[in-house]
Amino acid sequence: MCSYRIQGIPESLATAARESLRSPQYGHPAHIEVATGYGPCRLCLQTFQTGTEERLLFTYQPFIDRAALPAPGPVFIHRSPCERYDGPALPEALRALPLALEGYGAEGMLLSQQRVGAEPFEGVLQDVFERAEVQYAHLRNAEVGCFIARLERR
Ligand SMILES: [Zn+2]
């Protein structure tokens, strides 16, 4: 079993979005609403309690590699401060969601894309990182396509 970390978006970006109510990377206004769906929050990687928790919607670009083709998209985070997730295991709250994993190589080259279906998440992850050229992976919602989290080799 390969060793990896699954990480929420950078804390600095989440803080900036909460304070400015704008996308820190693009400047577009952020939207505040009571959660109508599960999310999840891209900072703590927990699902929202619909009807009660407030969330912030803004445009986020997940690639750190400057040579990668940017892929901006909508993400949600809790309106109130929460703790950034950075750990070796998939948060249990995410296990029930439709998930897909994408493995990226140098310059953000997409090398593999797999849905997590019949096979458990850990098996798919193992497949993706088995290729030595894969430097990091993105976890995405397999139905709507949104970016959920970044995974790095340890
Ligand atoms: Zn959160």
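Y60 and F147 are both buried (under 20% relative accessible area with a 1.4 Å probe, protein chains only). The model is predicted, with local features requiring pLDDT of at least 70 and side-chain atom pairs pLDDT 80 or more, while totals for chains, interfaces and linings use all residues. Residues are numbered from 1 along each chain as its sequence is written, and side-chain values rest on heavy atoms, without hydrogens or water.

Aromatic pairs number 5 (Phe, Tyr or six-membered Trp rings with centres within 6.5 Å; planes under 30 degrees apart are stacked, over 60 edge-to-face, the rest tilted). Y60 and F147 form a tilted pair, 5.7 Å centre to centre with 45° between the planes. This pair links strand 3 to strand 9 (residues 147-153) across 87 residues; strands are DSSP runs of E, at least two residues, numbered from the N terminus. Y104 and Y136 are stacked, because their ring centres lie 5.6 Å apart and their planes meet at 20°. Y104 has a relative accessible area of 7% and is buried. Y136 is buried at 4%.

The charged end of R150 sits over the Y136 ring, 4.3 Å from its centre (CZ of Arg or NZ of Lys within 6 Å of the ring centre and within 35 degrees of the ring normal). The charged end of R55 sits over the ring of F76, 3.5 Å from its centre.

The zinc ion is coordinated by C41 (SG), C44 (SG), H78 (ND1) and C82 (SG) at 2.0 to 2.3 Å; donors are N, O and S atoms within 2.8 Å of the metal (3.2 Å for Na, K and Ca). The 4 donor atoms subtend angles of 104 to 117°, so the arrangement is tetrahedral (four donors, all angles between 85 and 135 degrees). C41 and C82 are buried.

Methods
Four donors count as tetrahedral if all angles lie between 85 and 135 degrees; four count as square planar and six as octahedral if opposite donors are over 155 degrees apart and all others between 65 and 115; anything else is irregular. Buried means under 20% relative accessible area, exposed over 50%, partly exposed in between (1.4 Å probe, protein chains only). Helices (H or I, at least four residues) and strands (E, at least two) are DSSP runs, numbered from the N terminus.
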